[in-house]
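Reader: I would like to learn how to read a few features of a model. Please take them one at a time.

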Amino acid sequence: MLGGAELPSLEQHLPDNIKNQVEIKGSPCIYHCKNTDMRPPFVEINGEMIEQASITKILEYLEKLTTNDTK
Amino acid sequence: MTPNKNNASIIRKDLLFRLYWQLLNDDTANVDRIPLIIKPRGRDPWRCCVYKDRAVLKYKIMSILGYSEANETDELTPLGWYAKHPKGTSSFYLNLIEEACSNCPPPCYVVTNLCRGCEARPCQVNCPKDAIRFQNGQAVINPENCINCGKCMRECPYNAIHFQPRPCEDVCPVDAIYQNSKGYEKIDMEKCILCGRCLQSCPFGAVIPSSDFPLVLEDMKSETPVVAIVAPAVAGQFRTSLEKIYAAIRNIGFDEVYEVAEGAEKTASLESAELLNLKEQNEHPGLMSSCCPAWVNFVKDNKPEWVANVSETPSPMVLTAQSVKEKNPNAKVVFIGPCLAKKEEAHSSSEVDYAITFEELGAVFVAADIEVANQEANSMGEKTPEIGREFSASGGVTHALETVVGQKIDSYIVNGIDKISIRQMAKAVKDKRTDFFEVMCCHEGCLGGSQNLTSANEAKRIIKN
């Protein structure tokens, strides 16, 4: 509804090196639109809210997380 | 037309859901806060400043409520007042907000910095109007001489020349949108067929449709029974079963929900009878489908000589509404579908009271915290209208007719209206060898409707699964 239609296909875009480290949970609405002035669509990763989420933005964030983990 | 994923379309839906949320909570005073919530101080502006953004957001909300900024008499009238007195589609179906329009320059070819001022200069050599000169080692197009033929763009080996369109004018299939003397776009509603392409293509989100939902909500709060009739294309809008979608619609506050696919089966049956009658004549011009209201509008305004060829069978929406009103004459009937043109068809029909779009439906679900996938599936009607459900896709009407008559029909399918497809269809009409013309204004039929939540491809995938 608010720009997140492509997000369910995230799993197909995960690169092999992080595929096994990510668990994706579907949540059609996380009731964030009504409660903050952040912009939709939203994705929550390890408790961190990402606004205006896109596949690219999520992948960048995950890459950063996994790089930090391996350091 | 497939709905675009862009900021303008997200904002339109954001405005709808926030407005409906306040209306559902009877909190019209807070409608005035919506522009501030969407564009708080400190956020990067889309236009010159956040204050201009807020003013445009205000006019968009007014448009949704059926008020045009052009008729605004007092700029201090709060949005809350408009929200308390919604007009729905009674004043207009589409509003082009002047303040939001960016006064796009005239459509023209532009030489970019990629131009290397080569020796070959095919742009200059092949220009039929001698409109290209070279200055400082780069091509320059003289707009006085240029006729926008595009030859220079096609000839350039560096792709250095490109066409800069006015997006809204570029996509309009009937030339209904034009720039007025002040430099703002205007929609000529006499010509407009309500295909919704300008709304999807305007990068500044200047075209906004009005919404009947605030009026539907007022009826829901009264004793009047309110019945939803839902277009078959809904099957591709949410990634869940039809049963759950219907349960979610009922939970908004509708007393009953019916599939328009049921009316579509009647349409198929009546249209088949019309076709068989026509085929008894030795030579006939062919029967043209009548279920797409934008197509019917197109014929009336642009091809009056074809009006007699359009089927007299009422659309599935009207036939479904007729059967609802027969059972429950006092009910208010609300059509829910993928299309703006249906709003006009609903207005001119005595059976349908309101028409809302899937975009509006999605916004209501968000506003009312209705999670479609989590609904308890309701049982549907005893008979599944399989043939009627096919009406949502291009080719579906023809297939439905073939199923009814039990044989292959000599048909011609127009999958999306544009100047080329209509020119080709005109040839087929002239040849008089086609029995049935199925025409859908949108590419991929109703699955590609301008007010859908998913793209046509995604909708097809959802239905297939």
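Reader: How are α11(B) and α13(B) oriented to each other?

Author: Axes are lines fitted to C-alpha atoms, for helices over the stretch in contact, and angles run from 0 to 180 degrees between N-to-C directions. Under 35 degrees counts as roughly parallel, over 145 as roughly antiparallel, 65 to 115 as roughly perpendicular and the rest as oblique. In this predicted model, local features need pLDDT of at least 70, side-chain atom pairs count only at pLDDT 80 or more, and totals for chains, interfaces and linings use all residues. Residues are numbered from 1 along each chain as its sequence is written, while chains are lettered from A and ligands numbered from 1 in the order in which they are written. The axes of α11 (residues 260-279) and α13 (residues 316-327) of chain B cross at roughly 110 degrees and come within 7 Å. The two helices, α11(B) and α13(B), are therefore roughly perpendicular. Helices (H or I, at least four residues) and strands (E, at least two) are DSSP runs, numbered from the N terminus.

Reader: Which residues make the contact of α11(B) with α13(B)?

Author: Two residues are in contact if their C-beta atoms, placed from the backbone, lie within 7 Å. From α11(B) come B:V260, B:E262, B:G263, B:A264, B:K266 and B:T267, and from α13(B) come B:P316, B:M317, B:L319 and B:T320. They divide into 5 nonpolar, 3 polar and 2 charged; Ala, Val, Leu, Ile, Met, Phe, Trp, Tyr, Cys and Pro count as nonpolar, Asp, Glu, Lys and Arg as charged, and the others, Gly among them, as polar.

Reader: Is B:D130 buried or exposed?

Author: A residue is buried if 20 or more other C-beta atoms lie within 10 Å of its own, exposed if 12 or fewer, and partly exposed in between, with C-beta atoms placed from the backbone. B:D130 has 10 such atoms within 10 Å and is exposed. This residue, B:D130, sits in the loop between α5 (122-126) and β3 (132-135) of chain B, and its phi is near 55 degrees, a positive value in a residue other than glycine.

Reader: What is phi of B:K432, and where is the residue found?

Author: Phi of B:K432 is near 55 degrees, positive although the residue is not glycine. B:K432 is in the loop between α18 (419-431) and β15 (436-440) of chain B, and it counts as exposed, with 11 C-beta neighbours inside 10 Å.

Reader: Which peptide bond is cis?

Author: The bond from A:P40 to A:P41 is cis, with omega near -5 degrees. A:P41 belongs to the loop between α2 (16-19) and β1 (43-45) of chain A.
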